[in-house]
Amino acid sequence: MLCGLDLDGVLCDLAPPVAARIARRFGVATHPSAWTRYDLRELELGLPRSAFVAFLDETFGDPALYAEAHPTDGAAYGLAALRDAGWRLVGITARPAHLADVTVRWLRSHGLDLDDVHHTPLGTKAEVARRLGVRATVEDNPVEAESLAAVCDSWLLDRPYNRRDLVRRARRLQSWDDAVGRLCQLELFA
Ligand SMILES: [Mg+2]
């Protein structure tokens, strides 16, 4: 059985390096636990909007950001546990293709073992999941999680920035521990 995993916000925690860059560029101290929007452009940080949006585009296009990020809490344990339970694991990410090399190097350097990584534009992950025949996905984007629910068991990993979003078809996971508990049980009774 195949499990599709989002990278950013699920395996990779970009928030600390993004916060550090906001501090360097704008002199504003902001903690990711207070970020209540999935789309950072909607954050109210009191910054000029056009400058902040340009900064975000530049930041998320920079391979160095991804190289300096750390894995999310519990991700390494979670991947190993899912593998032990018999899952095959692929990444399904909206990172653009120019980040493919830094992505593979980062996964390897942190011992995160995926069979493959599929890069696809935002909003198209469900098509990839259907084509690959994935049984379950883990995602932190509530909109993407809802569309994935049409083609597989779609799980939304709980984050400060997706807590206010209602999901109807996707189900929430509290943590990687929770993910392992639910997905390994799914495998056991399949
Ligand atoms: Mg994500």
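Asp6 counts as buried, because its relative accessibility is 5%; here buried means under 20% relative accessible area, exposed over 50%, and partly exposed in between, with a 1.4 Å probe and protein chains only. Asp140 gets the label buried too, at 2%. Keep in mind that this is a predicted model, where local features need pLDDT of at least 70, side-chain atom pairs count only at pLDDT 80 or more, and totals for chains, interfaces and linings use all residues. Residues are numbered from 1 along each chain as its sequence is written, and side-chain values use heavy atoms, with hydrogens and water left out.

Asp6 sits in the loop between β1 (2-5) and β2, and Asp140 in the loop between β6 (136-139) and α7, so the pair ties together parts that are 134 residues apart in sequence. Those labels are DSSP runs numbered from the N terminus: helices are H or I with at least four residues, strands E with at least two.

Asp8 and Asp140 turn up again at the largest pocket, where they are among the lining residues nearest its centre, along with Tyr38, Leu40 and Phe60. A pocket is an open set of points on a 1 Å grid over the protein atoms alone, with protein on both sides within 12 Å along at least five of seven lines; a cavity is a set where a 1.4 Å probe fits but cannot get out, and lining residues have an atom within 4 Å of a point. This pocket has a volume of about 1,300 Å³, and 48 residues line it. Domain 1 (2-13 + 71-188) and domain 2 (15-68) both contribute to that lining, so the pocket lies between them; the domain bounds come from an automatic or database domain assignment.

The largest share of its lining, three residues, comes from β6.

Note on methods: Points joined across faces, edges and corners; volume = space filled by probe spheres on them.
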